[in-house]
Amino acid sequence: MFTADLENPRTSSSTCRTRRCDQVVVSGNIFCGLCAQQLRAGGQDPDTFAATFTPARNKSSHGMVTARCSIARDGLRCVRPRHCKGMCCTHYSTWKYHVRRGTEESWLRDQAQPFTEILPCLVPACPSPSYNSRGLCNYHARQFTQDKRATSADTPIEVDHWASRQSPYLDTHQFSLLPLDDLLRHEFLYALQQTDPWTRSLEPHRIRNLVRDLTGATTLLTDDAGPARLASPHAGAVRALKRLRTAVHSAFEAFSGHPFTDPDVLDLRAIGLRTTHGSQPRRAPGTADLRTIHQPWLRELIRHWATTSFPRTDVFSNTMRAVGIASRALARRPGEGLDPAALHFTDASAVVDAIRTAPRRDGTLYRSSQRRTLAGCFFQLIDYGRRSGHLDTLAGAFTRHPVEHRIRLEEVDEDGIGKAIPEPVIRQLDAHLHTLGLGEVQGRRDVPADDLQLLYQTVYILLRDTGRRPLEIASLPRDCLQTERGQISLIWDNHKRRRHRRRLPITESTAQTIRTWQECRSRLLLPAAGDSYLFPALSAYSSTGHLGASYISETLRAWVDAIPALHAEGVDAAGDPLPFGRSLIYPYAFRHSYAQRHADAGTPVDVLRELMDHHSIAMTQRYYQVSLKRKRAAVTALSTHVVDRLGAPAPSSPSSYELRSVAVPYGGCTEPSNVKAGGQACPIRFQCAGCGFYRPDPSYLPAIEQHINELRADRETARAMDAAEFVTTALTAQITAFEQAASRMTTRLAALPATEREQLEQASTVLRKARAASGHPLLPLTVVDRTQQPPS
């Protein structure tokens, strides 16, 4: 009977937002018809209305009449639906007959017999019982009357024939294929089965409209069933019909062996290409035009590869792009690359050279990594053709040389390293935080605006304060806070490296932001698939249970673009603040800002590596490396403020600062043997406070102050242990020496003009960050020479 009941999560229908209403509404609506009417009449706030309104429904489901006929006898009551005067249609007609003869009372008393059998409606699969003598339910009886009035008296309508072509009474989430011809009905059903994995949702109301418009057509293979037949050629209806026709065309081609359409225009859905997004990838829409490839052998190769290997869409798009570049390059060669047997090594070199200089659509060059990917995809396609036997005639000289055809990664501009958003810009964003989540916001329309705004504000604060990747923030577990020994940690999953249940120390203010959202989240009615996530999916059709990272990017972009002004550091020639590029603000950039913030604060690189959850220190250093230009400027500024161990000035030239000294934990060292060994051959084992070669400068003040506190703690520990006096005396002497050097540097800095003092502080920050990135150990370690044999 081909009637589909699609009350499942894949349909585009959902229930009414009113808490006490279970009616199904189609995509685009929040309330059902009755609730929407009462909301407009009452003028209430939608949130208050949804929580308090109780609908009172008088209509029965499926168009049925729930009240039964009142005729009863011997304890039995008529089971047929009530029509008039408390009687069913048949009893009412009989009653009118007796009324005309004046015998209605005797008929009711002695002759009226209740019916015990419910007659079904003549319309196939209709859930309603027969309502009248024609054998139609209430709904179809009205439809039949309307159709009968619309036809001329010369062409009477037979009830049985009319009913056989009608759809049963359908709810919002249902559709029926009964009105279609037999062949078209089977094609429609097959196409629906084939296209079900292609989309995230199936829209029943769209299928009902297609069935209505295609009634009378014979097959989906002809243009008679094309978009021109649609009464309302809405874009969604055209897409749905195109999907169905594509599935039928593909089946016809597979069955008959003859191409139904141009074989050089590939339908990506028909050949099975799938997107790479989501846990349940969908087939990718669109077409690929192979007619742009000049060489027939290359065109045939990529067609065979795409239809037999079923590559991912990203691999297919890169391969198509690479083949297009190679085809144009070969077309400029002698013979235009038409004969694969005539190709030479120089032709392969020409292809690689074309990929090296290939521009994007905007005219700019691809990144070196992308050019390497394109070259790899092209030659992998060639290797596939040779393995599969499709390129048996291809010359062996047309191959890739591992050295000459290598596309090297370009060196990064060291002066342009770093994608971190400057802290002054972040402070400007914080000042406009109250506007985040207003206007164009990605998410469900039935989520209250204030709650949706709080969600995205919480996401922004976590991006800013934790430095996690956008996907890691979006997929945080619902109970992501853990307190141990007074320290609050964020529980998160490193999806990139498949390391789960990681712990990150966070501040109390960040934790309080999460608690506020958790309290709000517990009040929301959201899809059950996201119950385990802190930020659940805002759409019932999401492929994952958590908030999509793309939602975060799009909402953040709309917010940043709506901010009136964002200023960068510095001013222009007229003294006006420089504008900051808004395109530089995106979710992942906050991860760089997190690393930059810690590096500026002097966090050791090994500690920062743990915070960033990197496998190697080298990866961490890429997030906050200091440019050579900034480092040279910082050295120049601080080289004149170097002191000796007593705090007396000991200035040096910038070159001497770097070439004749090495970094030790709390300053610089100029002792020759230690300089030669790179700081690994200190004669007195890093007792810098008593060394004449010790050369600290203001950039080491935080480290010196921290070391003084450590020495004081060590001295108190020694006293508690009743250690020998020379131990505490040595510790006191070191404390005094370090305090003297730090005090004199602090005094000199305080005497400088404010502008110069600020420049020195900035230079100190740069050098501390450079030392952290160098990977040099910042603890006084005893050097062990493993080349020497142990004493016997």
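Colleague: What makes the length of helix α10 close to the expected one?

Modeller: This is a predicted model, and in it helix α10 covers residues 296-309, 14 residues in total. From its first C-alpha to its last it reaches 20 Å, close to the 20 Å expected at 1.5 Å a residue.

Colleague: Which residues of α10 are buried, and what do they pack against?

Modeller: Trp297, Leu298, Arg299, Leu301, Ile302, Arg303, Trp305 and Ala306 are buried. The buried residues of α10 pack against β7 (265-267), α11 (313-331) and α13 (368-388). Just after the helix comes phenylalanine 310, with a positive phi of about 50°.

Colleague: Let's turn to the rings. How many aromatic pairs are there?

Modeller: The count comes to twelve aromatic pairs. One of them joins tyrosine 460 and phenylalanine 590.

Colleague: Why is the pair of tyrosine 460 and phenylalanine 590 called edge-to-face?

Modeller: Two values decide that. The ring centres are 5.5 Å apart, and a pair needs centres within 6.5 Å.

Colleague: What does the pair of tyrosine 460 and phenylalanine 590 tie together?

Modeller: Tyrosine 460 lies in helix α15 (residues 449-466) and phenylalanine 590 in helix α19 (residues 589-600), so the pair ties together parts that are 130 residues apart in sequence. Both tyrosine 460 and phenylalanine 590 are buried.

Colleague: How do you know what kind of pair tyrosine 694 and phenylalanine 738 form?

Modeller: By the same test of planes over 60 degrees apart. Here the planes are at 85° and the centres 6.0 Å apart, so this pair is edge-to-face. It links distant parts of the chain, with tyrosine 694 in strand β16 (residues 694-695) and phenylalanine 738 in helix α26 (residues 725-751), 44 residues apart. Both tyrosine 694 and phenylalanine 738 are buried.

Colleague: Which residues form one aromatic cluster?

Modeller: Phe31, Phe49 and Phe53 do.

Colleague: How do you know how far the charged end of arginine 80 is from the ring centre of phenylalanine 115?

Modeller: The computed distance is 3.9 Å, with the charged end sitting over the ring. The limit for such a contact is 6 Å from the ring centre. Arginine 468 likewise has its charged end over the ring of tyrosine 594, 5.6 Å from the centre.

Colleague: On to salt bridges. How many are there, and what makes arginine 291 and aspartate 289 one of them?

Modeller: The count comes to 23 salt bridges. The closest N and O atoms of arginine 291 and aspartate 289 are 2.8 Å apart, and the rule asks for within 4 Å, so the two form a salt bridge.

Colleague: What makes Asp430, Arg464 and Asp465 one network?

Modeller: Shared partners. Arginine 464 forms a salt bridge with aspartate 430, with the closest N and O atoms 2.9 Å apart. That pair links arginine 464 in helix α15 to aspartate 430 in helix α14 (residues 423-431), 34 residues apart. Arginine 464 also meets aspartate 465 in a salt bridge, at 2.7 Å from N to O. Salt bridges that share partners join the three residues into one network.

Colleague: Why is arginine 464 called buried?

Modeller: Its relative accessibility is 16%, and buried means under 20%, so arginine 464 counts as buried.

Note on methods:
Residues numbered from 1 in each chain as written. Predicted model: local features only at pLDDT ≥ 70, side-chain atom pairs only at ≥ 80, totals over all residues. Heavy atoms only, no water. Helix = DSSP H or I, 4+ residues; strand = E, 2+ residues; numbered from the N terminus. Expected span 1.5 Å × (residues − 1). Buried < 20%, exposed > 50% of the residue type's maximum accessible area, 1.4 Å probe, protein only. Contact = heavy atoms within 4.5 Å. Phe/Tyr/Trp six-rings, centres within 6.5 Å; stacked < 30°, edge-to-face > 60°. Lys NZ or Arg CZ within 6 Å of the ring centre and 35° of its normal. Salt bridge = Lys/Arg side-chain N within 4 Å of Asp/Glu carboxyl O.
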